[in-house]
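Here's a quick briefing to read with the structure open.

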Amino acid sequence: MNARMGGSDNIVMRSLEQIGECGLFLLRVLAAIPRSLRYLRETVRQLWFVGAMSLTIIMVCGLFVGMVLALQLYHVLSIFGGTAATGTVVAISIYRELGPVVTALLFAGRAGTAITAEIGLMRATDQIAAMELMAVDPLSYVAAPRFLAGVIAMPLLCCVFCALGIFGGHLVGVTWLGIDNGTFWSNMTATVDVWQDIVNGVIWKSLVFGAVVSLIAVFQGYTTPPTSEGVAYATTRTVVASSIAILALDFVLTAFLM
Amino acid sequence: MTEPVRAKSDDRVLVRIRGLSTVLSGKKVFDAMDLDIPRGKVTAIMGPSGTGKTTLLKHITGQMRSDAGEVRVDGQNVPALDREALYTLRERIGYLFQNSALLTDFDVFENVAFPLRQHTRLPEVLIRNIVLTKLQAVGLRGAAGLMPSELSGGMARRVALARAIVFDPMLILYDEPFVGLDPIALNQVLKLIRTLNETLGITSVLVAHELEAIKQVADHIYLIANGKVVAHGDPKTIADDGSPWTRQFFGGEADGPVPFQYPADDYAEALGFKRGEA
């Protein structure tokens, strides 16, 4: 607080202050979740907005990530005569790292910014205050449904991303570059471990990334100054903070889950 | 701690403010101010910009806490209420925002229905009838299917008014309800405020600057300046009051107890002139 009030430009202190405020905000949102179950329809509406509406970008990007990955790997592996492992390496790369991380980055850019801008504009146009005065708790009606929707949508989007990534890898590896179809699938199914790669890689990571991105997006929107400049800065901060948090947490989670 | 709800139907004062003191960003907004809002009347709060009129409404609704003093609404001390009790009280208060504050995701019908859907389990038919009745009262039943972005400023204000009265509140707070309205819309809003007050017995508090409009609709006027009530009474009494405050405010004069200029350095020096120079 002093850093802001006193005009200190200590960026470390300001960042720590933001993290502290964000942590307290998370507690308030978690406390509001039981009350937000009354607004199930709003949660479903948000799930559509952040989940279903993000499908196009997730599917297109998943497809191209898989395609380019197969193309690069095929050329590298062909040096060692190991092109048969293309499917395996594509799958493991996508399940363990690229799937959750790229989905989360895309989710932050597509849905996170939209959540921040929407809540920020609701604050700027007094819609949040109007809810308070209509005896409707904005944390339960606005913040918690968006947070929940993000946590639920991220693993589902990540699964779609991974499926399209594998399909893209198959398209390039088998259809274009001529790897044997049976070798591609059998090597992949023999190597991919459901617990290590799917549960730890896809599910756990995307759940954590979904919670972090949604929290940052809702927090930035909820606490933004009610001005057009404030909303613009808040959306930018959502992307920057989410990207850093995703990549940093990816390292931490990988270290713990491996 | 929650104050017990005390029914005070015999009390002629709905909102009682005593010793209200508020300091915002180092500036004293209210200085031990006393003020009473009579039940069933239309009361106007007037005063120069920045005197805390909207802040006063925020104290009444419990959006903002004062540094000292008591704000009682229908006998309940608002700052002492817990969240549940405050929300219960707010269900009986309507609030009209200066910018309408309609929910942009919903159409006009759903905006007006919003409080009913959140706080009641009424059947859809009944909700529809209540909403259409309120929209008819503000002359916008035909606009039920429009989105807020399709409404003019005056229409949005009337939709917000329909939403504010959908629960038949005991008190409505109007924050600058006449700003940006054309004469027709202004007249309609004035009539609505009066009609709601007379037919439903709703107590109304208006924060506004438009003296002519206020004279038509208000039963009682408070003039606030320097953190205190500097004049109050019915519109005629206020108009005839010869105090420097009322003379300056209602006469629109730059000179008087309310400074027109924000405190600043010497004007000549700011323009680069030195004292004694021709």
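This is a predicted model: local features need pLDDT of at least 70, side-chain atom pairs count only at pLDDT 80 or more; totals for chains, interfaces and linings use all residues.

Residues are numbered from 1 along each chain as its sequence is written, while chains are lettered from A and ligands numbered from 1 in the order in which they are written.

**Chain B overall**

- Chain B has ten helices and ten strands; these are DSSP runs numbered from the N terminus, with helices being H or I of at least four residues and strands E of at least two.
- With a radius of gyration of 21 Å, close to the 19 Å from the globule rule for 278 residues, chain B is as compact as a globular protein of that length. The radius is taken over C-alpha atoms, and the rule is 2.2 Å times the number of residues to the power 0.38.
- Along the principal axes, the C-alpha atoms of chain B fill a box of roughly 80 × 45 × 35 Å.
- Buried residues account for 37% of the 278 residues in chain B. Buried here is 20 or more other C-beta atoms within 10 Å of a residue's own, exposed is 12 or fewer, and partly exposed is in between, with C-beta atoms placed from the backbone.
- Of the chain B contacts between residues at least 6 apart in sequence, 64% join residues at least 24 apart; a contact means C-beta atoms, placed from the backbone, within 7 Å.

**The open sheet in chain B**

- Four strands of chain B make an open, antiparallel sheet in the order β2-β1-β4-β5; strands pair if DSSP finds at least two bridges between them.
- β2 (27–38) and β5 (76–77) of chain B sit at the edges with a single partner strand each, so one side of each lacks a neighbour in the sheet.
- β4 (residues 68–73) of chain B joins β5(B) through two antiparallel bridges, and B:Val73 has B:Gln76 as its bridge partner in β5(B).

**Around β6 of chain B**

- β6(B) is covered on both faces: B:Ile93 and B:Tyr95 are buried on one side, B:Gly94 and B:Leu96 on the other.
- In a regular strand, side chains alternate between the two faces of the sheet.
- β6(B) runs parallel to its partner β7 (residues 171–175) of chain B, over four bridges; in β7(B), B:Leu171 is the bridge partner of B:Ile93.
- B:Gln98 lies in the loop between β6 (93–96) and α3 of chain B, and is partly exposed, with 17 other C-beta atoms within 10 Å.
- Neighbours within four places in sequence aside, B:Gln98 contacts B:Asp175, B:Glu176 and B:Val179.

**Where the chains meet**

- The contact draws 14 residues from chain B and ten residues from chain A.
- On the chain B side, α2 (83–90) and α3 (108–119) are the elements giving two or more residues, and α3(B) has the largest share with four residues.

**A helix pair in chain A**

- α7 (residues 138–176) and α9 (residues 194–223) of chain A pack at about 140 degrees with axes 8 Å apart. Axes are lines fitted to C-alpha atoms over the stretch in contact, and angles run from 0 to 180 degrees between N-to-C directions.
- Residues in this α7(A)–α9(A) contact include A:Phe147 and A:Met154 of α7(A) and A:Leu207 and A:Tyr222 of α9(A).

Notes
Two residues are in contact if their C-beta atoms, placed from the backbone, lie within 7 Å.
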